[in-house]
Amino acid sequence: MFKKLLSKLSGAPAAAPTSTRRQASRDPASEALLRAVEAQRKTDPYIGAKLGGKEVLHRLMSAFKNERGVHVESVLSALGALAGYACQADLRARALAAGQPEKAVFMVVETAKGQRYFFGDALNRLLVEEPVSVWGLAAGAAQHLGCSPLPDVQEMFAHVAKTVGETDFGVPRIPEEHRPSELPAGYLKTLWPVLLPVLKDFCHSTAEWPLLYASAIQNLMEMAKDVLGPELALRIVMESAIPMSKVDLQAL
């Protein structure tokens with residue numbers, strides 16, 4: 001499946017990469033869109049994340065589409081995985097810019113098999129505690145669509161911590177008929193490097209990366225409201241986002 005995804009994504013329309021924006025061969029439509037984003041930043045600081053989220057969602061919906069349509073649960077899981085890891089990636093980028101070592105930002109847990117996982121308050125804040133966190137935006141969309149009560153996100157965190165290094169780590173606990181086609185780790189490993197140029201084009205800073213994916217999640221939840229309930233959609237997102245915020249991407 002991942003080879004097909006990569007093949008479709010590589011042929012999808014996208015904003016011109018940053019390194020080629022000033023070249024004569026750049027795509028005029030992409031350049032016009034990026035200029036419009038810059039013009040609107042003064043009145044809406046999140047415009048890059050919002051429009052970048054639409055671009056990412058468009059790409060993924062096209063890439064995941066087959067003769068039966070789009071499996072919404074799989075796209076939600078992919079976006080959740082990407083949103084979760086984007087929180088870690090943002091912290092890493094900020095630490096690097098400040099000349100801080102990894103241990104200054106994360107609490108690193110290493111298993112007997114040498115697997116590394118990353119925890120910490122700063123990571124949790126980006127993921128669930130800040131008003132514009134991944135959870136805050138996704139849960140807000142779910143509530144808008146009628147979700148009540150919300151899933152127990154603290155129980156999800158406890159499950160992730162308990163399963164570190166185990167075979168059921170990062171496996172969404174979703175009813176069989178709604179399970180994503182692949183595990184979140186597979187989506188993350190495959191899609192993160194492919195979609196990274198989109199993040200760099202639409203976002204002024206890495207702090208916007210989690211918001212971009214959260215915005216895409218909000219849009220998809222709205223689009224899919226007639227085929228997938230908001231509580232289940234939110235659960236799929238967070239069951240993917242929380243464990244993937246902890247993983248070592250290079251080791252996947």
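**The strand pair and its turn**

A: In this predicted model, E110 stands opposite R116, a residue of strand β2. The two strands that meet here are β1, which covers residues 107–110, and β2, which covers residues 116–119, and they pair in the antiparallel sense over four bridges. Together β1 and β2 make a hairpin, with five residues lying between them. Within that turn, G114 has a positive phi of about 85°. Most residues other than glycine have a negative phi, and most peptide bonds are trans.

Another backbone feature belongs to the peptide bond that runs from S148 to P149, which is cis, with an omega near 0°. As for its place in the chain, P149 is found in the loop that lies between helix α6 (134–144) and helix α7 (153–163).

Turning to the cysteines, a disulfide is a covalent bond between the sulfur atoms of two cysteines. With a cut-off of 2.5 Å between the sulfur atoms, the count of disulfides comes to zero. C147 is in no disulfide, and the nearest cysteine sulfur to it, that of C87, is 20 Å away. C203 is likewise in no disulfide, and here the nearest cysteine sulfur, again that of C87, is 13 Å away. C147 counts as buried because its relative accessibility is 7%, and C203 counts as buried because its relative accessibility is 7%.

How values were computed:
Residues are numbered from 1 along each chain as its sequence is written. This is a predicted model: local features need pLDDT of at least 70, side-chain atom pairs count only at pLDDT 80 or more; totals for chains, interfaces and linings use all residues. Side-chain values use heavy atoms; hydrogens and water are left out. Buried means under 20% relative accessible area, exposed over 50%, partly exposed in between (1.4 Å probe, protein chains only). Two strands pair if DSSP finds at least two bridges between them.
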